[in-house]
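I opened the model today and kept notes as I went.

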Amino acid sequence: MRLTIDGTAADYREGETVLDVMRSIGSYVPTLCQDDRISPRGSCRICLVEVDGTTAAACTTPASDGMVVRRDNPHVRLAARGALELIVSELPPRALDVPADRSELVRACDHFGITTTSFTGEAHRRGLDHSHPYVKLDRDLCIACGRCVAMCSEVQGTFALELVGRGFDTVVSPGAGEPWVDSPCVGCGGCVDSCPTGALSEPELLDPRPLTGTVTTTCGYCGVGCTLDVHLRGGEVAVITPTRSAPVNRGHACIKGRFAHTFTRADDRLTTPLIRRDGQLQETSWDDALGFVADQLTAIRAQHGPDAIGMISSARATNEENYLAQKFVRTVIGTNTIDNCSRLCHAPSAAGLTASFGLAGGTNCLDDLDRTDCVLLAGANPTEAHPVVGARIKQLVLGGAGLIVIDPRETELAALADVHLRLRPGTNVAAFNGLARLLLDHGHIATDFLTERAAGLDELTAVLHDYAPERVSEITGLTTADLTQAAELYGQATNPAIVYGLGVTEHAHGTDGVRTLANLAILRGTVGTPGCCGILPLRGQNNVQGASDMGALPDLLPGYQPITDPRVRERFARVWGSPVPERPGLRIPQMFDAAVAGELRALYVIGEDIAQSDPCTSHVEHALRCCDLVVCHDLFLSRTAELADVVLPAANFLEKDGTFVNFDRRVQRVRPALDPPGAAKTDFDILRHLAHALGNDLGCAGPATAMDECAALTPTFGGISHARLDHEGPLHWPCPDTDRPGQPVLHLDGFATPDGRAHLAACPYLPPGEQADAEFPFLLVTGRRLVHYNTGSMTRRTPDTELLPAETLDVHPADAALLGLTDTAPVEVTSRWGSVTMPTRTTREVSQGQVFAAFHFATTPTNALTSPHTDSATGCPEYKVTAVALRPG
Ligand SMILES: Nc1nc2c(c(=O)[nH]1)N[C@H]1C(S)=C(S)[C@@H](COP(=O)(O)OP(=O)(O)OC[C@H]3O[C@@H](n4cnc5c(=O)[nH]c(N)nc54)[C@H](O)[C@@H]3O)O[C@H]1N2
Ligand SMILES: Nc1nc2c(c(=O)[nH]1)N[C@H]1C(S)=C(S)[C@@H](COP(=O)(O)OP(=O)(O)OC[C@H]3O[C@@H](n4cnc5c(=O)[nH]c(N)nc54)[C@H](O)[C@@H]3O)O[C@H]1N2
Ligand SMILES: [Mo]
């Protein structure tokens with residue numbers, strides 16, 4: 001399909017506009033109201049062109065075959081220039097002082113030769129709204145193009161903004177006219193990013209000095225894995241924007257990835273190694289610190305054997321660092337005791353999905369959600385924890401897709417759902433079994449798929465005998481009507497998707513939760529079939545998938561190759577030039593128990609603040625005190641670092657070269673934008689130098705070589721290299737060959753289980769580790785809040801704290817009234833394991849009898865309350881159910 005532009009032929013694709021074609025042939029077409037991420041508005045009129053003899057806006061005119069487009073018509077050019085002059089005439093002269101790289105308006109004026117001297121109109125005097133820490137509004141620069149409003153509604157789905165006023169006075173404003181900071185704005189930055197004039201800006205962009213460079217990398221917060229452009233000024237981060245062409249985030253981001261980066265230059269960033277002398281952590285040199293650690297490890301190994309040493313590797317660190325960490329532990333120390341924080345979140349997903357389908361990753365990719373007509377969202381709160389995914393789900397629902405939310409709390413998406421199954425915490429297995437029973441009873445099952453590609457239907461049917469809706473209702477507190485409505489929605493959808501999170505996994509029976517949830521997808525045949533949407537765990541940390549993929553696990557080598565398989569061990573031993581220990585190592589909770597029992601003598605912790613994030617803090621602290629040696633790599637003096645003997649200053653993701661694997665198995669490049677401060681080093685370099693101090697060479701001169709070595713040993717990653725990722729962009733694993741793409745959808749050619757079938761699980765409901773009783777009458781659910789991240793070590797060192805300065809205990813208003821608690825009043829929360837006092841927040845987001853808190857503040861150690869109960873299959877803590885008592889504090 002072809003048209004001509006100023007006499008030159010140009011090809012176009014179905015659905016493209018004249019503007020798209022003009023841009024695709026490389027011509028600069030100024031526009032003010034157009035943005036690919038939102039629907040075209042056609043209001044600014046500065047992209048006027050002549051189309052088949054008449055004047056038209058290029059941005060809203062669909063390309064058609066044989067069309068004759070002329071930009072060189074002087075009348076049309078004059079009309080476009082006139083439209084722009086009119087816009088500019090209403091702005092103060094400083095509108096053209098904004099640097100051209102930050103203002104489409106300035107670039108458009110440069111194009112048309114419009115300067116301040118052309119101003120004739122009356123300029124606005126409407127003032128600033130600088131109430132929000134990140135989003136700054138200068139109303140006088142607003143041209144009412146509506147892009148910010150559309151970004152907020154069509155991409156972010158928050159609907160916080162409106163154009164208010166009439167004609168000349170029209171300006172963007174939060175809907176209720178309140179100060180920006182009090183509006184529902186979630187700080188995704190979409191409006192700032194789209195604004196063509198600088199009316200919406202951010203503090204750093206108000207600095208007129210030019211930007212000096214851009215590095216494209218992967219976000220280091222959650223597992224969505226947004227691609228970000230890090231714009232630099234004088235060797236420092238000035239601004240971070242989402243990469244427009246990014247396959248995962250498609251030019252969108254969240255408040256943390258977009259804005260929360262100032263932690264990287266926080267005053268209390270660790271810049272020198274610290275060593276404990278006379279009870280105090282004191283600054284020292286790298287030689288001294290590494291020499292000390294090497295001597296201690298050598299002595300402990302000599303006296304107690306290699307299994308007396310354990311390592312917790314970091315899901316915040318790169319694949320290459322995790323690869324090196326497990327190679328270090330296995331070859332230099334000689335033990336398999338290495339684990340990562342996947343143990344604390346999605347270990348049940350890895351175990352459950354492997355048992356059901358044969359592979360540890362989610363079965364599909366995020367893009368597949370575009371074609372679903374029904375999302376079943378269980379135990380996940382993506383508008384806070386995976387905001388870019390949350391926004392996508394919101395858009396699907398606004399577009400007509402069905403939504404079932406299974407969560408004890410009324411999350412933002414629960415409020416939008418067709419049906420919200422507000423079950424009692426810890427009763428997932430009963431609810432999922434109840435839904436499976438209804439799917440079977442009502443015939444919403446894929447009979448052929450079940451016969452040809454699944455196993456275990458008879459056993460499941462037998463167990464489901466006990467899960468009639470009435471019994472499920474008793475266990476879960478759900479009504480049979482709601483259960484039936486959910487089963488009908490999921491059962492009748494053409495292409496249903498399951499998305500889930502920690503509300504499924506962090507339980508005493510988390511693996512059973514994953515398996516009984518997977519049953520629903522198998523019953524409907526929506527896994528491993530063409531066009532299916534499958535089941536997607538929303539993996540948490542930026543590289544928690546990768547840390548496990550790289551073998552930072554006590555029983556698995558890279559690519560989930562079992563340590564117990566002698567052929568696998570031999571293959572690794574040959575390349576590593578060192579035997580690989582045979583006995584599986586300890587998991588994180590077992591490491592603490594072993595430390596208390598005196599069996600584990602040294603704990604080496606990379607980028608995890610176990611004393612804040614692991615459950616039952618008193619037990620963890622006791623375990624740390626029992627060790628002869630605790631070593632910690634971190635950016636800051638975390639709670640764990642405070643208790644360590646040696647603290648090594650680490651680089652963060654903005655300072656590193658390597659790769660992360662996101663929640664949908666995409667291996668993506670991480671590129672250094674900054675140098676680490678002071679003497680801080682990457683975890684990669686620290687491990688290599690420590691190995692040297694122990695008289696070993698880990699090989700792998702740099703991250704790219706480490707990935708090459710891993711790829712050579714690991715069929716799943718065989719085709720992956722830094723060079724290929726740089727050239728082709730992200731690749732999904734499995735990716736065994738260099739000449740084939742990765743695999744976004746799994747199991748199309750058969751399941752990776754031994755018999756090639758998907759396995760239904762017949763799991764009965766078992767009660768959680770803790771129940772409410774007379775002494776501890778409330779159930780505490782823990783989880784996340786939008787603006788802070790895990791232990792808060794990074795986000796608490798950014799202006800995010802202006803938006804959320806402290807932890808709260810969320811209490812239902814009726815419970816609060818009974819207890820005499822009012823908003824902000826301190827409440828003492830006591831469990832069988834500890835006690836914490838925090839301010840009350842009354843909200844109907846929690847049910848009566850339940851309370852909620854996050855764990856983002858070291859000063860409010862929520863994990864002093866959580867119990868040591870863990871998932872029987874994987875050791876994942878039961879963070880989601882703790883019985884507590886409340887008392888005004
Ligand atoms: N802003 C922000 N984003 C983050 C993080 C952060 O700290 N802050 N952390 C990252 C990490 S490491 C992870 S793992 C992910 C976690 O992401 P999510 O899994 O979405 O997060 P959570 O808030 O822990 O838990 C999700 C939901 O489970 C519900 N739930 C609790 N008990 C039950 C139950 O018995 N059944 C059901 N069905 N639901 C239940 C809770 O009410 C909660 O709404 O987020 C990542 N993203
Ligand atoms: N009550 C309760 N507790 C929970 C959970 C819950 O739902 N409820 N969720 C659990 C889950 S899912 C998770 S994943 C854990 C998370 O718990 P953690 O992993 O402990 O928390 P983070 O804050 O993500 O990061 C840990 C440390 O890594 C440092 N860091 C960041 N980047 C780097 C790096 O590149 N290198 C090094 N060396 N250090 C770095 C940070 O400064 C921080 O101190 O919390 C768990 N704890
Ligand atoms: Mo996590």
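**Entry 1**

I began with Thr824, which I found in the loop between helix H30 (813-819) and strand E35 (826-831). This is a predicted model, so I kept to its computed values. Phi of Thr824 is near 70 degrees, a positive value in a residue that is not glycine. Is Thr824 buried or exposed? I looked up the area: Thr824 is exposed, with a relative accessible area of 63%.

Next I checked Cys700. Its phi is also positive, about 45 degrees, and it is not a glycine. I placed Cys700 in the loop between helix H26 (683-693) and helix H27 (703-713). The relative accessibility of Cys700 is 6%, and the cut-off for buried is under 20%. Therefore Cys700 counts as buried.

Then I went through the peptide bonds. The one from Trp733 to Pro734 is cis, with omega near 0 degrees. I traced Pro734 to the loop between strand E31 (731-732) and strand E32 (758-759).

I turned to strand E30, residues 666-670. How many of its 5 residues are buried? I counted 5 of 5, and the strand is mostly covered.

I looked for pairing on either hand. Strand E29 (residues 658-661) is joined to E30 by 4 bridges, and the two run antiparallel. I noted one pair there: Phe660 has Gln668 of E30 as its bridge partner. E29 and E30 form a hairpin with 4 residues between the strands. In that hairpin I found Arg665 with a positive phi near 70 degrees.

E30 also pairs with E31. I found 2 bridges between them, again in an antiparallel run. Which residue of E31 is the bridge partner of Val667? I read it off as Leu731.

**Entry 1: ligand 2**

I moved to ligand 2 and listed its shell. It holds 32 residues. The closest are Ser613, Asp634, Lys656, Thr791 and Ser793. I sorted the shell by type and got 12 nonpolar, 11 polar and 9 charged residues.

Then I looked at polar distances to oxygen atoms of ligand 2. A polar side-chain atom of Ser793 lies 2.7 Å from one oxygen atom. A polar backbone atom of Asp609 is 2.8 Å from an oxygen atom of the ligand. For Lys880, an N or O atom in the side chain is 3.0 Å from a ligand oxygen. How much of ligand 2 does the protein bury? Taken alone, ligand 2 exposes 910 Å², and I found 99% of that buried by the protein.

I also asked which domains supply the shell. Domain 3 (274-344 + 543-663 + 676-715) and domain 5 (778-866) each give at least three residues.

**Entry 2: domains**

**Entry 3: an open sheet**

I followed a sheet of 7 strands. The order is E15-E14-E28-E27-E26-E16-E17, the sheet is open, and the pairing is mixed. Why is one side of E15 and of E17 left without a neighbour in the sheet? Strand E15 (280-283) and strand E17 (338-339) stand at the edges with a single partner strand each, so one side of each has no neighbour there.

Strand E14 (residues 274-277) is joined to E15 by 4 bridges, and they run antiparallel. Arg277 has Gln280 of E15 as its bridge partner.

**Entry 4: Asp36**

My last stop was Asp36, in the loop between helix H1 (18-24) and strand E3 (48-51). I found a relative accessibility of 61% for Asp36, and exposed means over 50%. So Asp36 counts as exposed. Its side chain makes a polar contact with the side chain of Gln34, at 2.9 Å. I also looked at Ser194, 158 residues from Asp36 along the chain. Their C-alpha atoms are separated by 9.9 Å.

Notes. Residues numbered from 1 in each chain as written. Chains lettered and ligands numbered in written order. Predicted model: local features only at pLDDT ≥ 70, side-chain atom pairs only at ≥ 80, totals over all residues. Heavy atoms only, no water. Buried < 20%, exposed > 50% of the residue type's maximum accessible area, 1.4 Å probe, protein only. Near = heavy atom within 4 Å. Polar contact = N/O pair within 3.5 Å; in protein donor to acceptor, adjacent residues only side chain to side chain. Areas by Shrake-Rupley, 256 points an atom, 1.4 Å probe, with all protein chains shown as cover. Nonpolar A, V, L, I, M, F, W, Y, C, P; charged D, E, K, R; others polar. Domains from an automatic or database assignment. Pairing = 2+ DSSP bridges.
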